[in-house]
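I opened this model to look up two topics.

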Amino acid sequence: MQLSCLCGVCSTDFESAAHAPYSAAVLFEKMKARGFAAVQFAFSSIAESAFTPTGQIEIPAEIPDAAIRAVQENARNYGIPVKVINGTFNMAHPDKDIREEGIRRFHVLCRASKQLGAAYISLCSGTRNPDNLWAPHPDNDTDAAWEDMLDAVSNCTRIAEQYGIVLAVESEASNIISTPERARRLMDTIGSPNLKMILDCANLFHAGTAHPKNVRATLDHAFALYGQDIVLAHGKDICEGDGIAFCGTGRGIIDFAYTAKLLADYGFLGDMFLHGIYDEDDMVRAREHWQTAVVIGTDSTDNLS
């Protein structure tokens with residue numbers, strides 16, 4: 001078994017309420033200093049974008065040419081390719097105008113993604129919560145919520161097809177795509193090679209299930225349903241408990257060696273992006289945890305079954 005993926009990071013892990021967004025030069029220097037080899041990039045992460053996301057849309061209305069040039073220049077100078085762009089907005093927002101504005105901005109984002117050489121854009125399937133696209137809502141399981149989300153995903157997939165970009169969504173307990181079954185249903189319904197999956201192990205757990213005894217079975221279930229469609233992986237972790245509390249890579253219950261084994265078994269060809277750390281001083285440890293897990297998980301002499 002082999003797993004030849006880069007270890008990257010989500011640029012949002014460098015965002016903090018304690019400081020203004022870094023310049024592109026500072027952001028890329030910080031990623032390089034911590035040993036990351038690629039980035040999943042959000043335009044909110046750099047000062048040149050002059051953009052603050054809302055709880056509904058995390059895509060800028062317009063992207064300044066200066067911001068794109070700054071990212072291009074620093075990605076090249078520091079040898080950190082932009083592999084993925086964040087394209088998250090609330091695809092199931094109860095206000096149709098907000099959904100339509102997200103779709104309009106998606107055109108802008110796809111153009112920028114092509115300029116930056118990013119092959120993937122990440123999605124959020126959304127929620128009926130009007131204020132926070134990552135927060136749960138009791139109406140998320142309704143037919144109406146599903147149909148609104150499906151319409152938004154369909155529109156964005158058609159846009160992505162025009163640009164030759166692959167979209168990647170994840171199963172997230174608080175969103176419309178809350179289970180691997182729903183993820184499978186979405187991909188089968190859309191039926192496009194331009195819609196694939198992000199594996200985020202931490203997001204597979206619902207309240208009451210985040211316990212070590214459930215980890216491998218939860219991963220096995222997700223891989224059985226969409227393992228062949230995973231194009232990106234997130235290295236977020238989750239704390240043990242009956243609630244949902246995320247944490248940095250290796251700080252929770254996720255068995256990353258077993259994750260690496262499954263990715264290798266299913267022929268994963270994408271890259272890993274660590275996420276949920278939000279502490280620049282803990283990033284080297286998190287990266288080393290994943291890299292050690294890859295060695296253990298793909299060592300044919302280790303029995304991880």
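I worked from a predicted model, in which local features need pLDDT of at least 70, side-chain atom pairs count only at pLDDT 80 or more, and totals for chains, interfaces and linings use all residues. Residues are numbered from 1 along each chain as its sequence is written, and side-chain values use heavy atoms, with hydrogens and water left out.

Entry on cysteines. I looked for disulfides (a pair of cysteine sulfur atoms within 2.5 Å) and found zero. For C10 the closest cysteine sulfur is that of C7, and at 11 Å it is too far for a bond. C124 is in no disulfide either; the nearest cysteine sulfur, in C156, lies 12 Å away.

I then checked burial, where buried means under 20% relative accessible area, exposed over 50%, and partly exposed in between (1.4 Å probe, protein chains only). C10 is buried at 4%, and C124 is buried at 1%.

Entry on β7. I took helices (H or I, at least four residues) and strands (E, at least two) as DSSP runs, numbered from the N terminus. Strand β7 covers residues 230–234, and five of its five residues are buried, so the rest of the structure largely encloses it.

Which strands pair with β7? Pairing requires at least two DSSP bridges between two strands. β6 (residues 195–200) runs parallel to β7 with four bridges, and I198 has L232 as its bridge partner. β10 (residues 271–274) is also parallel to β7, over three bridges; there A233 is partnered by M272.
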